[in-house]
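Here are my comments on the model, as numbered points. Please read them with the structure open.

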Amino acid sequence: MSSNLIKPSILSHSPKSYFFQEGIDFDKHEGIFGQIGPKSGVLQGAFAHRTCRGAAAGGARNWSYNSIEDWFRDGIRLSRAMTHKNALAELWWGGGKGVIARNSGVGLEEGDTPLQRRLVFEEYGLFISSLKGCYVTAEDVGTKDEDMSAIFSKTRFTTCIPPGFGGSGNPSSPTARGVVRALEAAFSHIGRKSLEGATIAVQGVGHVGSNFIQFLFEKRVKRIIACDVDPQKLQVAEKRFKEFYDGKIEFRLTKQNDHSLLFEDVDAVSPCGIGNILTPQTIKNIKTNIVCGAANNQLGDPAKDDKLLAERGIIYVPDFLANRMGIVNCADEQYGYIDNDPFIEKHLGDSWENSIYNCTKLILDKAKATKRTPQEIAVELAEQKSFVEHPIRGHRGIQIIESLIKNQTN
């Protein structure tokens, strides 16, 4: 175990003093909470942002970090992105993110026992309960169904609960459906009627990526080039698609930080793995006209890299617009289940003005007309919506946060 990567002693510095030193606007981040798991030693956190729309909500990421600063910065970045995603989807939730540093203690590394892993997530569930509802957690990168089961055993403030406990489970299928709709809107924007006959490059064949590939074939795409850094995920995907789509899909095993798939001469590139892959180094080599995928936070620098894409004539569909269906599925969980749920289907259809398809077309059309980037338009729209108060309990989240802080200082 590399205990020198995360140093719990750094937690002696308050988050607020750290952010002021780094020039980060802390005041817009309404609550940042962290603990060192009392038995596991794992650094666990929850970030709540812009809770006037409702409780902060977003997945719990289980990830490795090189420093406490990286952990803080990732939580800030991801919680702000969830604010935009939830607001643009018109959910009554603020932005939130759980960030678990798996290299900070025990129980989350390769070779650890299921009991060690469960201990970490049970601790995290108790931690979430201690926040009294200002943050609702969910499944995310590095977490899975059994982790959500462990969290749920210790707190009610969670969603993506396994179906065996009455929850909606892994949200990858609706997420993939939503990305297909965003891609169809991008094709329509450039004058193509459908995805039929297209060649698509898909980076990442995990739960979302594999479902995305399935839905693309159902739309009669001609060919798919897919890659992943995980050989096991590739094997599962190859087995899934071999019988019906053999010859129509090419799989590649790639190394970490190998983004060569983005440079294929295809109709669209769909990042469905890690984020931070659209940078000056990669953008200059992209040949496609469209980038639209499920990965979160695809832009390395959201303030600059969207402009580099636009300068090269590449249409970028903002990830928090395209991949909203995961959190939409989670938001619907508490209200029970209906076959062909109209709440879910309106996001995926054509009739609601804020559906993924219509919202994507609106943003792309407005970006073209104003000579701005889709990212700028989408962020502007999301920012406006993020300040709309919950009609019943506006600012409940910040009231809970203030109460927690007061109790800690008394």
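1. Contact here means heavy atoms within 4.5 Å. With that cut-off, I200 touches L183, F187, L216, V221, R223, I224, I225, A268 and S270, leaving aside residues up to four places away in sequence. Keep this neighbourhood in view for point 4.

2. This is a predicted model, so start with confidence. The protein chain averages a pLDDT of 89. Of its residues, 92% score at least 70. Residues 1–24 are the stretch to treat with care: pLDDT stays under 50 there. The model still has 35 contacts for this stretch beyond four places in sequence. Where pLDDT is low, the predicted coordinates should not be read in detail.

3. Next, the domains. The domain assignment gives domain 1 (26–165) and domain 2 (171–325 + 355–384). Their C-alpha centres lie 26 Å apart. Across the boundary, twelve residues of domain 1 are in contact with 15 residues of domain 2.

4. Now the nonpolar cores. The largest has 61 residues. Those with the most contacts inside it are L183, I200, V202, F212, I213, L216 and I224. Helix α5 (residues 172–189) gives the most to this core, with seven residues. Where does this core lie relative to domain 1 and domain 2? Both domains give residues to it, so it lies between them. Another core, of 24 residues, lies apart from it; A46, L131, A150 and F157 are among its members.

5. Five strands form an open sheet in the order β1-β2-β4-β3-β5, with mixed pairing. Which strands stand at the edges? They are β1 (31–36) and β5 (135–138). Each has a single partner strand, so one side of each is left without a neighbour in the sheet. Neighbouring strands are turned by 20° against each other on average, direction ignored.

6. Check the β1 pairing in detail. Six bridges join β1 to β2 (residues 43–49), and the two strands run antiparallel. For I32, the bridge partner in β2 is F47.

7. Helix α2 (residues 68–88) lies across β1, β2, β3 (56–63) and β4 (94–101). It runs at about 150° to β4. Helix α3 (residues 114–130) packs on the sheet and touches β1, β2, β3, β4 and β5. The direction of α3 makes about 35° with that of β2.

8. Look at E184, which lies in helix α5. Is E184 buried or exposed? Its relative accessible area is 14%. The limit for buried is under 20%, so the residue qualifies. E184 touches L195, K219 and Y357, again not counting residues up to four places away in sequence.

9. Most residues other than glycine have a negative phi. C160, in the loop between α4 (145–152) and α5, has a phi near 60°. N276, in the loop between β9 (268–271) and α8 (280–283), also has a phi near 60°. What is the relative accessible area of C160? The value is 0%, so C160 is buried. N276, by contrast, counts as partly exposed, at 46% relative accessibility.

Terms used
Residues are numbered from 1 along each chain as its sequence is written. This is a predicted model: local features need pLDDT of at least 70, side-chain atom pairs count only at pLDDT 80 or more; totals for chains, interfaces and linings use all residues. Side-chain values use heavy atoms; hydrogens and water are left out. A nonpolar core is a set of buried Ala, Val, Leu, Ile, Met, Phe, Trp, Tyr and Cys residues joined through side-chain atoms within 4.5 Å. Buried means under 20% relative accessible area, exposed over 50%, partly exposed in between (1.4 Å probe, protein chains only). Helices (H or I, at least four residues) and strands (E, at least two) are DSSP runs, numbered from the N terminus. Domain bounds come from an automatic or database domain assignment. pLDDT is the predictor's confidence in each residue, from 0 to 100. Two strands pair if DSSP finds at least two bridges between them. Axes are lines fitted to C-alpha atoms, for helices over the stretch in contact, and angles run from 0 to 180 degrees between N-to-C directions.
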